[in-house]
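Subject: Structure handover

Dear colleague,

Please find the structure below. My notes on what was found in it follow.

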There are 2 protein chains.
Amino acid sequence: MLIPVILSGGAGTRLWPVSREGHPKPFMKLPDGESLLFKTYRRARRVAEPGEILTVTNREYFFLSRDEFQLALPQEAETPTFLLEPFGRNTAPAIALAALQVAERHGAEAQMLVMPADHLIHDEALFARTVQQAAALAAQGHLVTFGIQPTAPETGYGYIEAGQPVNTTVPQGNHVVRFIEKPARERAEQLLAAGNYLWNSGMFCFAAQTMLDALQQHAPEVLHAARACLADARIDHTSHATLVEIQGESFREAPDISIDYAVMEKSGQVAVVPGAFGWNDIGSWDAVRSLSEPDTDGNRTTGDTVFVDSHDTYVHNSDDRLVATVGLDNLLIIDTPDALLVAAADQAQKVKEVVKALKARGHEAAQLHRTVARPWGTYTILGEGERYKIKRIEVKPGASLSLQMHHHRNEHWIVVKGMAKVVNGDEEIFVATNESTYIPATHRHRLENPGLLPLVMIEVQSGEYLGEDDIVRFQDNYGRA
Amino acid sequence: MLIPVILSGGAGTRLWPVSREGHPKPFMKLPDGESLLFKTYRRARRVAEPGEILTVTNREYFFLSRDEFQLALPQEAETPTFLLEPFGRNTAPAIALAALQVAERHGAEAQMLVMPADHLIHDEALFARTVQQAAALAAQGHLVTFGIQPTAPETGYGYIEAGQPVNTTVPQGNHVVRFIEKPARERAEQLLAAGNYLWNSGMFCFAAQTMLDALQQHAPEVLHAARACLADARIDHTSHATLVEIQGESFREAPDISIDYAVMEKSGQVAVVPGAFGWNDIGSWDAVRSLSEPDTDGNRTTGDTVFVDSHDTYVHNSDDRLVATVGLDNLLIIDTPDALLVAAADQAQKVKEVVKALKARGHEAAQLHRTVARPWGTYTILGEGERYKIKRIEVKPGASLSLQMHHHRNEHWIVVKGMAKVVNGDEEIFVATNESTYIPATHRHRLENPGLLPLVMIEVQSGEYLGEDDIVRFQDNYGRA
């Protein structure tokens, strides 16, 4: 039995302004319209049933993740399991938690396929076959890594030195001589030339018990903390998923350490399977650029762009905004509704410094997008000015916002698509497409989509004070009251 | 008597996307919040009364220009005169029309001060004193140009070779030896080194009769066409301005020629007054950049910007959008709500090629902004999507939109500031701040601001078809029914 374990964490700050804390890299849509998490889930489903898939992520991302999974395979009857962390730690605690869960639910011999949610794999059929090879080695008690044949002297990846073949019964598996941390340029060139060094992809395959034994031997404090976390965890079975909510108090005791450092670099049981399936960790905008085809000047764009005397420039357009470039060379222009990035492509790694600067300033654009996901749907701020703020609100079929009240703002609701059920003071009414209703300040109100299609509404707020904190929640379906 | 003649034409395509056909360079706000036309009008008022100021512009820009003048000096009792052209010609026909008008209204000896509306002058008091010197030379029958002492080997300007002093009674006036067209770089360096060459600013001072005589001698066909245009013109006296509307049929006969080419380069009466008042023709974004103070890395910004490892980069922000730059050098980033320009500063002149490309595609962003000026105020498209479009509508005190009707769209109007008077079908109602009303498709309706303060309204359109062409106008105060 092979259990996919999806690790969905990491802010992806080098992909700002599309990747932000509230909507990080795994949820980012690629040029083909699919998110990395969506692709990872579909890849997991090639080797396992939905009830066998385990996702470790921050609890803030549960609703977003569940939506991506439903989008990937909407007809699933079985429900996936989520290990929800209260805050980010590193990969060792996450894998320890997952190994304990897998051993308990599927037996100590069950194998785990650890897949970070932010990798792109081109040949998914070949990937599935490579996983079978890894699983065969895992069955022999190995901790198996997936090594990628380097195509360039990359300084952004760790390397694995491949040694002798593990055995002759399983082809294409080698002992690992050692792990090498991200090298300097010159060293990277040597590793590339040597031929027996592979990129460390961060994907692994092993039996749950093999990992638990290795943790016990090399990082017992991680295993101990993970056991305590699971003893404390709140388990919740919903119609869409099984949730294992790790509590902050116990999780804080888990060491902030990577699985490479805690186990892989210390164990003698590590093997590597070379992966030729086409791998990209989408580490920066430079990597995103390479996903689309250039024109004859080397320029690429996702939308409405005029290039004048420009070369090797990538434009990531937002909505229907037009972008024009004049005399540019090797630039990245990443446009979003509320923030724009212009970066030299050869300095794409430094984009994370922008996020650092924004956080230092307490700037909202480090965390939130103009469109914000909520358990019930999304809202988008379309405009704000003196005495008004306008939102587009989309409510999922059957979903409902909290019963709430504002002290200062009046709200005008105009339904442009679907049907709304509205509590407004003592009244309960239906508002159909093209109709509107008015919620005066101090009225208790609730918006619900009673239909089978999405509800789209324009909300115009007016009044002296329009801050998001002017809200009193009386009742909420998502535990926010 | 000195009559300022403001020439307000030219699309300013090198300043796209802020300058566009519907809102060109003279209306562009500088970092100090004032437009070039506003500044030009205020400069004109230093030397003349409002009733003596003549503005030559396209008739499309009348309402916008009038608003700028009222903004500059709201208390004016006298009204300025506008010569409204049906389409753009060159400076010779415009100056001929103005000279005929000035001679007729103020007498043949009246002097004209020709001022392009898109120049920036730093020391306005010194400019006024220089104008007095020019006027003294004009009184002696000279066609006086204003020459600017060059500070760099500019290839974007024409040059004037200054000869002997005109006479000793008027200081600082020289005969003009010749005009030199925009030179190549090497030639420009020679002219700068020689010391007796000045930039041709495009500003002039002369008696109306002197110009009429010179036109008769050197360009009689221009004068003839101008006379025919004025014979055909529709004269309109409104409470805000006197309008002389030139008709297309007669104006088409006017040769498309500059005053330099038609008269100045041919006449022996030309003198030059050196101007040390600080002059900038704001010809490109590079010139706009120079108007604000750089930080220690040479970067400049008008708004919310994070610079990382960037130098000599200019960011012109739009609204509240954040801009981040990484690893840039000498770039111009011009952000507007619907279009973004990123250009190498040393290629700022090529921005006009973007506009050329947009026009070839029939792209709206060559002509219109997200905010569109109308005689009654402005509207801004805040957002549009499937089945909805949202506008912010601002109506001037006392102004009124046309009585109109739509076949397909329903409109929800929410007043967020001020008071609206609304005709809706057979009803006439007042809608106060925070209130709303609903105009179903096929209802005749009209919006009016009966108050003394601006009216701000959010309009949410909903329906199957939301094109601007779904409008039937029954009655309009601005002749558009």
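Six strands, 6 in the order E15(A)-E17(A)-E19(B)-E18(B)-E16(B)-E14(B), make up an open sheet with mixed pairing. Strand E15 (305-308) of chain A and strand E14 (300-301) of chain B are at the edges with a single partner strand each, so one side of each has no neighbour in the sheet. Strands here are DSSP runs of E with at least two residues, helices are runs of H or I with at least four residues, and both are numbered from the N terminus. Two strands count as paired if DSSP finds at least two bridges between them. In general, strands of a sheet pair through backbone hydrogen bonds, either parallel or antiparallel.

On conventions: this is a predicted model, in which local features need pLDDT of at least 70 and side-chain atom pairs count only at pLDDT 80 or more, while totals for chains, interfaces and linings use all residues. Residues are numbered from 1 along each chain as its sequence is written, chains are lettered from A and ligands numbered from 1 in the order in which they are written, and side-chain values use heavy atoms, with hydrogens and water left out.

Strand pairing

Within chain B, strand E16 (residues 314-316) and strand E18 (residues 331-335) pair in the parallel sense over 3 bridges. B:His316 is the residue opposite B:Ile334 in E18(B). Between the chains, strand E19 (residues 339-344) of chain A runs parallel to strand E17 (residues 322-326) of chain B, with 5 bridges. In E17(B), B:Val323 stands opposite A:Leu340.

Interface

Chain B and chain A each bring 58 residues to the contact (heavy atoms within 4.5 Å). About 4,700 Å² is buried between them, and carbon and sulfur atoms give 57% of that area. Buried area is the accessible area (1.4 Å probe) that two parts lose on being put together, summed over both. On the chain B side, B:Arg321, B:Leu322 and B:Val326 lose the most area to chain A, together 14% of what that side buries.

The interface has 8 salt bridges, a salt bridge being a side-chain nitrogen of Lys or Arg within 4 Å of a carboxyl oxygen of Asp or Glu. One salt bridge joins B:Lys350 to A:Asp309, with the closest N and O atoms 2.6 Å apart. By class, the chain B side that touches chain A has 30 nonpolar, 13 polar and 15 charged residues. Here Ala, Val, Leu, Ile, Met, Phe, Trp, Tyr, Cys and Pro count as nonpolar, Asp, Glu, Lys and Arg as charged, and the others, Gly among them, as polar.

Salt bridges overall

Over all chains the count is 50 salt bridges. Among them is A:Arg321 with A:Asp335, at 2.7 Å from N to O. The two are 14 residues apart: A:Arg321 is in the loop between strand E16 (314-316) and strand E17 (322-326) of chain A, and A:Asp335 is in strand E18 (residues 331-335) of chain A.

Backbone geometry

Most residues other than glycine have a negative phi, and most peptide bonds are trans. B:Asp309, not a glycine, has a positive phi of about 45°. The peptide bond from A:Trp16 to A:Pro17 is cis, with omega near 5°.

Regards
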